[in-house]
Structure formats: structure tokens, C-alpha cells
Number of protein chains: 2
Amino acid sequence: MLEICLWNPDVNGVIRRSDRIPDTIPGISRFQQVVLHQGRIERFFLDAITEASEIRVERGVMPSKLEIDESLVKDDDAYPITVTLRHLTEEEATPRQTSTSVNGQTVQDGLFRSNLAKDDTQDLLELSKLHDKANSEEVVHAKYLIGADGAHSWTRNQLGLKLEGDSTDYIWGVLDIVPITDFPDIRMRCAIHSANNGSVMVIPRENKLVRLYIQLTTTEKTGDGSSRADRSKLNPQVILESAQRIMAPYNITYRKLDWWTAYQIGQRVGTSFSVHERVFLAGDAVHTHSPKAGQGMNVSMQDTFNLGWKVASVVKGHAKRSILKTYQSERRGIAQELIAFDHKFSRLFSGRPAKDVMDAEGISMEEFKAAFLKGHMFASGIAVNYEASLLVAKKGSNEVQWDGRQVFVANSPDKVTSDESLCGGITVGMRIPSHKVLNQADARPWHLQELLPSNGRWRIIVFAGNVNNSEQQGKLEGLAQDFGNQNAFLRAYTPESAKHDEVFELLLIHNAPRTSVTIFDFPEVFRHFDEIDGWDYNKIFVDDVSYHEGFGNIYGALGIPHSGCIVIVRPDQYVSYVGPMDDSAAVSRFFGGFMTLQQQPSRVQTDIKPENAQ
Amino acid sequence: MLEICLWNPDVNGVIRRSDRIPDTIPGISRFQQVVLHQGRIERFFLDAITEASEIRVERGVMPSKLEIDESLVKDDDAYPITVTLRHLTEEEATPRQTSTSVNGQTVQDGLFRSNLAKDDTQDLLELSKLHDKANSEEVVHAKYLIGADGAHSWTRNQLGLKLEGDSTDYIWGVLDIVPITDFPDIRMRCAIHSANNGSVMVIPRENKLVRLYIQLTTTEKTGDGSSRADRSKLNPQVILESAQRIMAPYNITYRKLDWWTAYQIGQRVGTSFSVHERVFLAGDAVHTHSPKAGQGMNVSMQDTFNLGWKVASVVKGHAKRSILKTYQSERRGIAQELIAFDHKFSRLFSGRPAKDVMDAEGISMEEFKAAFLKGHMFASGIAVNYEASLLVAKKGSNEVQWDGRQVFVANSPDKVTSDESLCGGITVGMRIPSHKVLNQADARPWHLQELLPSNGRWRIIVFAGNVNNSEQQGKLEGLAQDFGNQNAFLRAYTPESAKHDEVFELLLIHNAPRTSVTIFDFPEVFRHFDEIDGWDYNKIFVDDVSYHEGFGNIYGALGIPHSGCIVIVRPDQYVSYVGPMDDSAAVSRFFGGFMTLQQQPSRVQTDIKPENAQ
């Protein structure tokens, strides 16, 4: 999807294209917005899991009981959670997806997952009990549990946590069709506001499909004054007819219907995202809203992307449990902002367009356009700016978090604060912007983000400036010596048995002319020697012109000063810290706030106590 | 591989970096040169075959007999070829790949395929006869046979065809190692000429591997005056020591050896590429040369890419057999140019570098650099310019082909000749250059080549100019009427039962502002209506600025005149014809030269005779 076309009634009430806006703000990312079927996204995840691990995703398994032993929740080595799982038969596990007969063909619909249908979790469990089989129950003892189980979240209900918020009055139908139409913008993303018949959003998709979100006006609702839609009156024909009224005088029909559903917009946020930082909730389990802005799956995946590396880091014994508090403090604020945005966007989308500037009740198209732009910032995730915490070394208390609730995160006695003015293009708490850099050893261009794969490693990026300058060379040598020191973070927090860069990866980006130096002009800590593999050629990069992909100019884009700087990047690519090259002590102090001191393997059993989070 | 570093002796005979040149000429393609293991290339082909068809590649099957019934070779429907195949047991089929013990580990080498080893085809066949099994033999009756069976080609030998040319005196060793070295450019492609010890080429590869091509000086040859190397004296240690002498004073060694081989350069071209245009030879079966310029697999794949669509087109009954003559006329010329280039390149690579400009016997580095550039043009295939033929409508006789031999291709009575001056950026006989265009319906940028997948279709690209101009609009409407005519090529040469665009695909690229028109402003022939799928949104494109990927400016780059033009592009993306928009008759005449007239299905049996090629 490249362009959004806005269609609105003209003075005669006939819809016409009033505006075009780009569907991804040019320049905000090297990626553009695309529409992918959720099944494909899930396939990508399943493939990546299979490639990277022995983990297999089980389906047709339902939890029936959840217990937390509160006396154990602070013990790093304990398994305080007990979950009872029930393995369903294939028949039981097949969703009662309803189907509709259209043109003599059976079409699946999504009503079973719509909030117009009631929650069937309890039904499924009771049905399963009737089929009591051998080996159908399994008890799992776990250190951590993540409930990413949707708006009807069983996990949330077990924990006694709530979603706060309301349903709106707006009812929408969804059709996935191969359209037959004379509407000229059917392959664009369109927002069509009719004068009196509601709105349609057009989302072009793969295989000639187009998804239409179609506002259902009062005629399709129940007549008894209830705000709840009557599910029995909803079918593809009714929804299509609504689209036809909205899109007139253009004609639209179809011969191929792939899927359809209907829903009522609800906007809610969870009161709490975690219990004891042992059981976490993510995605629809803690925030629900309208689907049209493309935020649901995106924001939800970002929840668990935020959480995943933190839990892994604690389970591996690299970091202390205190970092887990930052999941709620970082993500609940995002969810609240999202719901506030969605509230506004839904009203703008479902409301009647303003006739003119004097029409105060109507929707202003300027406001609507601005909302689209804001939506991109959410969907892309690049607007996220996490507040000060153990993991984000910037001004502000580590204790009061921006979701408005007191989330206690201990202030480190040696609190580190970034020099936020050092690099104008880097904001501490936001993702590090990506620009191209060249590998010093082979001149290959890489986007900086490609050098930061999500494998749990922290990165310390040294922007060393022009290393042909003797002052910069001197600072770099001093820094290398400090980093190589026996007591520095590199050795203190990396287990003896781990690979040298398993916890921290050092990257160096200089801006001397590429051809003026080779990797042998840089300290060994940036080109680790291995007896079998020789030198490491993949840690030293240069900001210079490439042969085929232009000039990344990362120094200019990020505002790196001549004196260079050190940037600490979290495993999820958010910036933790920015500071001068000559303050290597700050780096060690920063990691001292939450990393676990590693001991000689022989002394582990006597010296290490379970880490307490608080 | 991004950069080539040239290393040469300085005045004291010590190697130093004398030059850097880009390893793909910037701007010649949207792709750059990369090194991929041959196994991966084969995997890509196997995957594509599996995805697109039911065809499965059989291994361990050897031909033992080939017969051609010459009385049937001109009959379209006949199967004049009989091949007897022998299915080997797994044991028989496993190549007698030799192995070498290095550092206590067994390493496979490539000597069994080297020209230093004798051809083992006959041995394999005889061995197989001893194991006579039930069902081990199979007889295949074929319309066409393609022998892509390498330098020792069994097919070529059966046909009694020869390779002409010579072996050189140069012997090279190859090591695939993970290098341990202080040579600073080991991750660059390097050409290292030592003063007196021969040359090394460095090819950085995947997984930390580097391939070294190492010239073996006379000490490793046999001492009996033979120009043939003594295979028994070749091993990784001997080859490494040669590299160490060449690369001194830098040190190089390894702990990981992945593979090694050695070969003697031979440069030969087949006398004929086909017998009766029924059996064809391709790749090493008709041209062998040194491997270092990366031409072997590339030029060979281009052979069969040239041949494949032609055979398919004839087998499907779309085109006449006469087009098959153009395989030899087009590809033998390329092979001859390649060998001439390789002869020069090998000499430049294996020779001693010149001490100064007065050193007439030494190799000039300027000449060497120029040879690298020419090598790129070959390897990328973009320098190929096919001469006039039935398939290339340009000046010159269709009869005398550029491989220097008389290859008879009948001149069509209505020979069509392009207006080669019409578009300065399009050369008839070369691949159409690729630039970005936008889909009119959804604003998505596509590289022109992406719109021309190799699926056997001919493309007629109409560059319609500014369609808001009434003259251009008029010409476009006239053209659409002509193309839609009952007797036009579209209907005449597309089988009744085929999809409307199965043989010919019409594409339109205009340069009116994108937002000034919709697809409904264009004739229906460019937006075919389907009762189930609606309008076709993927045939009309525009040369305009994109949101995220710049401005393709294809009109400027290809020199399209204001008056527009028609370009015919072959299924292999080579340009057949360029002409003005108002000469639609030329398009029909061009296809009349070699396409088979399609009849009503009911009249096929009485009206169509077997097509004779001559």
C-alpha cells in the first residue's frame, strides 16, 4: 500500500477524491507499509522458531488451571508457576468457525472470533472434560508464563485482572472480496466518507483480493434500542449493500468472497500487565481497539518483543529480575496512547464528514489526515520513546514511570545519565535510527540495524570519529584498554563458559576515509582473534561512500561529534545510553545497575545467592 | 564482492596494493556481483522446478545409447530421438571423489572433475553393466534432447562433434580455506602478482571461507618436460606453500580446509552447437576456459536460457521450428568472444608483471584492469548483442550470422526492420534496460524487468507518451483498435483454448502525470475484463515519481520520443523490435515471420500441416 485516497461528498453529496496522502511517511524507515495475511506472519514466526531451536508450537492445548506459589516468586531458581494443560482432540480443537453460503459456495467467516460472539473458552473446556481420555492432561511447572491469549484472555481472568474501557456504538462489517467495480481507486488504500450512509475503508490485498471495512448504519442494528448488534441479521449481502450505498454512484459487487466478519469497536486497556513479574499479559489480552489502523498485531508483537529478551536475559542468569518491572512501565504507556489515538481515529472514521468549516459536528478532513499520519508512527513503532529506567539512562526518576502508576524500579546507587545533547540524531529511549555503513574489511554496505539482530546481545557501539587524528586514536586506545581490563563489564558480566561476545558485542564505526586504514589499524578488542577462524572481520565499520548504494552519512544523520561517542543499544535496538568516548567507566556503571556478576565456574556454588529483584 | 584490489611488486620486488577497482561497474545493473556456492545455485533451480511443475530431476542415470531418425527431424509431431538410459545403483552413482587427509581430517577434493583427471564416463557405464539389474534400463523417445553434460560431454561424443582449441601451459591450484593471515585485503577480491613466484586470486566467500586460486610454478610440474601436470605431486600443502611464496612478506595459513582442486587451463569451442536442431549442446559441452573470471556457469546458464523458451515455444505449437537455428547463431558467437577474452585474461593473470613501461614481456596493469572490466560485461550478460535474425528485427541479413558460419535462417518475405534511431537508450538485439515504473492503479514501483518474468510470453510494450495529449490519445486508440482486430497477431497466433495473454502480453507505460488519469482512461485491451476477477490492474504503468524509491525516468533513460513507440521484447528479455506507435502492421508482420497460425479447434486436423523449418 503506497497511497491513501480520501473520498468525500462534494457540495451535491456525491463522493469524489478530495485528497491523496502517502501511506508511509517518506523517509521514516527503509521499509514501507505492506499488508500481509496474518497466516503468513504466523508462518514466518513458525519458520524462524524451527530454524533457530527445537521448540515446536503445540495447538489444541488449553490451560485449565493456574497456580502461583507466592513464597517463591523472588527466587531466581524456583518454578513458582503451575499450569494444568488439557490436550484437546482434533475435533474439539477445531474452532466452531461459522460458515455462510454465498453464490452456492460455503465461505468461512470470522464471527466466531468477533466480539459479537460470546467467549467459548469455558464451553471448550467443559466439552473436553466429557471426552476424558488417557494422557489428556499435563502439568507444567514454569518460571515464567506469558498470556498472549487474546481479548477473552483466560490467563487474565485467572489472575483476576481487568480490562478498563468501553464499547463504542459503531458496528462494522468486513468483506474480503475480488471486487468487480468501476471505482477507480480500488487498488489504493481509501477512506470513503459518504454524506449520510457511513464510511468504507478499502485495503488492497494479495491475489486480487480487497478488504473492505464497511460501516453498518442503524438499519442493520437491532430495532429494540440496544446498542448491541443483532448477529443474526448480519450476512455478506447486507454488508455489501451497505458498501454499495456508501460508494454510489460507483458500482461494486463480487463473484469471489474469501472471508467476512463483523464487529463492534471496543477500546480497553488492562489495569496491570503482570503479576509478580512472573505471569505477563501481552497483546489483545491487555489492549483492544478497532482493527482499521493496522495496530492490533503490530503493537502486540512489540509487547512481546519488549518482554522476550528481558525474560531470556534473566532466565540465562545474565540480568537481575529487576529489569522485568520495565515491561509494564514501558508497554502500558504505549497501550494507553494507542487507545487514546484509536478513540479519536474511530470517531473521525465513523463520523459524518463536515459540510463546511461552520459544520462543527462534522468531521474535519484536515484532522482526519493528521490522524492517519499519527497512525503510521504507532504502526511502525518508531514513535515509541521509553522513559528513564534501569535500562534507559536518561534524566527523570527511575521510579515514576510514564504509564501514570507508581512502578517501583530501584534507582541504582551509581545512576548513569546520558549526555542527551551529545548526538542530535540519537534520542535515548528510542530505537537507534538506521543508516548505511561499510564493512572496513570488504567494503560491503550494511544498514546499521542489520548489524543488530535480535539475538539477546547488548551492543556497545563506539563511534570513533576520524581515527587518523592522533587525539581520536589516543582515546580509542584508552577505551580499548579499559574495555579489555579484567574488571570491566565485558569480563565481569560475561559467563566464563560463554563466547566472548555472547552478552556484549562491541562494534566500531569510524569516519576516516575507508581506504586510508585497514582493520589492523584498530585495537584487537574490535577484531577478536580465534585460533581456528583467524581475525574477526565483522566488527569494524566505516561511514564512507559505497560503490552501489550511495553514502549512508551516519555521522551526519545521527549528529555524531568530532570527538566521537559511545552508544549502548539494548537487545531490542532501543538506545540505553549515549556518552563521550573517554567515559568508559559510565558503561561499566550502567551495566552494574542490573547485570549479574559472573564468577569463576569453580566458585559459583558457594558465592552466588539467588538474586532478589528488590 | 565489492572491490578488486590489485597487488603488485614494488621496485624492491615486494608486493603492495597498487590499485582498487569496483568489482561491479557502478550503474550497469540493479544487481551486484556475488559469490554463491554452485550447490546453492542448483538448489534454487531445483526449488523453482518443484514449485512450477511436476518435473523431478533424476540423478544416477546415465545415457548409454543415442539414435536420431533423420527422416523425422523436420516433422513437428515426431519423436526422432531415442535415448537409452541406464539407472545406476547408489554405489555406482557416487562420484569417485578423491579425498585427502589434512590435519588428520578427511577433505574432499575436486580432482575427479578436473581436466587433470581422465574421463570416467565409460568406466561408469562398464561398471554398471556388470551389475546388470532388472529395470535398470529405460528407453526414452524424445522430440528434443539437450546435452548439458560438461567438458567430457557424452552427448557431444555420440554426435561426433568436436571442441576446437588448446590447453595452455598454466597450472592452477584451488584452496577453499578459512584463512589465518595478516594480509589486509583477504576479504576483498584480489589479484596478486608476485615478482617471480606467480599469481594468486583471492575470492572471499560465505561462512568465513576464502577461495584462493594459486598459480603453481614449474617446481610442482613433472620434471620430464611434459606440459601436463603430475597429479600425484599435487596436494593442499604444496598449493599452500605456493601461495605463501606469492603472498610474502604476509603470512597465510589455515586450520580449516573445506575443499581443494587443481587444473590446467584449456580453451576450446564446439564446432557445432546442434544436430538437426533436435539435439543441442550447451555449457561446458561446447565451451571450456579458465574458471577465474566467473564465466563458466554464467555463460552456460545463459546458453540454456536462450534455448529453453525457443524449444518450449516450438513444442507448444506457438512458433515454427525455424527459430531453433538462432540458438547456434546467437550463442556460438558469444562462446567465441568468451574464449578470445579468456585467452587474453589468462595470459594477463598468469604472466609476470611488467617492471616498468619499457618491459615489453611483462604484463601491463592498465591492460589487466581493462580486462577485469570487460569480464564484468561478459559475466553479467549485458554486453550481449544478438545480430539480425527472424527474432531480431534489425538491419543486416538474416542469413549470415555473426558466429562466422553460414547458418541459414529464411528471410521472411515481409522482413521487418526496426527504426533503431527511435529510442537512443534501447538497442535492438540487447536486453531491454531496466528502470522503475509505477503501477497506474496502486502507485507501486516496479523495475521494468520484474514485469517481464521468464514464462515464455512475448511482450509488446507500448510507450504511449503523454496520453493527456490528444494526438497521443488518438494514436493509442488506433493502436488498440488494430491490436483488437480479428486478424491481428493477438488472435492469429494465440490458441483459442489459451488464456488471452498466454502468448503475448500487452504492457503500456505512459508519462502523463500519474494522478491525472485512472486506468479507465485507457483502452480496454490494456485492462482486460474478466467476469470473475474484474478488471486487470497490472498492465498499465506510468513513468512518474514514487513516494519512496525515487523517479525511474524510464522515458529519459531509454530516450523514448514524445511520439511514443512500440517495443517487442522476447521471452528472454532481449529486444526484437522498436518502431513508431502508428505502425501496428509491422508488429503483425514480425510475428508472421515465425509464429504458427492458430485455427479454430475444429479445423485443426484438416488445415494445419507439420511446419517445416526451411
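Which residue in E2(A) is the bridge partner of A:Cys5? I looked this up and found A:Arg20.

**Conventions.** I note that this is a predicted model, in which local features need pLDDT of at least 70, side-chain atom pairs count only at pLDDT 80 or more, and totals for chains, interfaces and linings use all residues. Residues are numbered from 1 along each chain as its sequence is written, chains are lettered from A and ligands numbered from 1 in the order in which they are written, and side-chain values use heavy atoms, leaving out hydrogens and water.

**Entry 1: chain A overall.** I recorded 13 helices and 25 strands in chain A. Both are DSSP runs numbered from the N terminus, helices being H or I with at least four residues and strands being E with at least two. Of the 614 residues of chain A, 52% count as buried (under 20% relative accessible area; exposed is over 50% and partly exposed in between, with a 1.4 Å probe and protein chains only). Among the contacts in chain A with a separation of 6 or more, 70% come from residues 24 or more positions apart; a contact means heavy atoms within 4.5 Å.

**Entry 2: the hairpin of chain A.** I returned to strand E1 (residues 3-9) and strand E2 (residues 15-22) of chain A, which pair in the antiparallel sense over seven bridges. Two strands pair if DSSP finds at least two bridges between them. Five residues lie between the strands of this hairpin, and A:Gly13 takes a positive phi near 80° there.

**Entry 3: a sheet in chain B.** I traced an open sheet of eight strands with mixed pairing, in the order E2-E1-E10-E11-E12-E9-E13-E16. Strand E2 (15-22) and strand E16 (287-288) of chain B stand at the edges with a single partner strand each, so one side of each has no neighbour in the sheet. Within chain B, strand E9 (residues 163-181) and strand E13 (residues 252-270) run antiparallel and are joined by 16 bridges. In E13(B), B:Val269 stands opposite B:Glu164.

Entry 4: Is B:Asp342 buried or exposed? B:Asp342 lies in helix H7 (residues 325-350) of chain B, and it counts as buried because its relative accessibility is 1%. Leaving aside residues up to four places away in sequence, I found that B:Asp342 touches B:Ile265, B:Gln267, B:His289 and B:Ser290.

**Entry 5: aromatic rings.** My search of the whole structure gave 52 aromatic pairs over all chains. Rings of Phe, Tyr and Trp (its six-membered ring) pair if their centres lie within 6.5 Å; planes under 30 degrees apart count as stacked, over 60 as edge-to-face and the rest as tilted. A:Tyr144 and A:Phe280 form a stacked pair, 6.5 Å centre to centre with 25° between the planes. This pair links parts of the chain 136 residues apart, and both A:Tyr144 and A:Phe280 are buried.

**Entry 6: the interface.** I counted 43 residues from chain B and 43 residues from chain A in the contact. The area buried between the chains is about 3700 Å², with 58% given by carbon and sulfur atoms (the accessible area, 1.4 Å probe, that two parts lose on being put together, summed over both). B:Leu2, B:Tyr547 and B:His548 supply 18% of the area that chain B buries against chain A, more than any other three residues. Six salt bridges cross the interface (a side-chain nitrogen of Lys or Arg within 4 Å of a carboxyl oxygen of Asp or Glu). B:Lys256 forms a salt bridge with A:Asp533, their closest N and O atoms being 3.0 Å apart.
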